[in-house]
Amino acid sequence: MVTPFDPGLQPERTALSWQRAATAFTVAGLVVLRCSAHLGTLPVVAACCALVLAAVAGWTGGRRRRAVREALAQDRHPGGGAALLLLALLTAAAAALGAVAVLAGTSAGGPA
């Protein structure tokens, strides 16, 4: 076990934010699946993207937490921004799918 490198425990706060992101994506995906499964395939695809995002955020958060703790305990830079870029791109894709699903539902005479 690696001891905390500072009294502020910033890596732990960051890990908690990754967990909150994973939880938010899970809840969003499940709510969309529950509320709009009858609207067609686009909302279901958007919900599945949110669930994939939840898995990616959970996995990335765990890996990132371990890497940052080890790097900071050894007094070196943790590096690695590829996971953050991947999560940002997946989030943008899910948001775009969600927006298209909402606009398609509105233009088809669905609820506004």
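The model is predicted, so local features need pLDDT of at least 70 and side-chain atom pairs count only at pLDDT 80 or more, while totals for chains, interfaces and linings use all residues. Residues are numbered from 1 along each chain as its sequence is written, and side-chain values use heavy atoms, with hydrogens and water left out.

T60 counts as buried because its relative accessibility is 3% (buried means under 20% relative accessible area, with a 1.4 Å probe and protein chains only). Show its contacts (heavy atoms within 4.5 Å): leaving aside neighbours within four places in sequence, T60 is in contact with W18 and A83.

Next, select helix 1. Its buried residues are P11, E12, A15, W18, A22, F25, G29 and S36.

Now show helix 1 and helix 2 together. Their axes (lines fitted to C-alpha atoms over the stretch in contact) come within 8 Å and cross at roughly 170°. The two helices are therefore roughly antiparallel, a label for angles over 145 degrees, taken between N-to-C directions on a scale from 0 to 180.

Then select W18, A22, F25, L53, A54, V56, A57, L87 and A94, the nine residues of the largest nonpolar core (buried Ala, Val, Leu, Ile, Met, Phe, Trp, Tyr and Cys residues joined through side-chain atoms within 4.5 Å).

Finish at L53. Not counting residues up to four places away in sequence, L53 touches F25, L87, L90, T91 and A94.

Notes:
Buried < 20%, exposed > 50% of the residue type's maximum accessible area, 1.4 Å probe, protein only. Helix = DSSP H or I, 4+ residues; strand = E, 2+ residues; numbered from the N terminus. Parallel < 35°, antiparallel > 145°, perpendicular 65-115°, else oblique.
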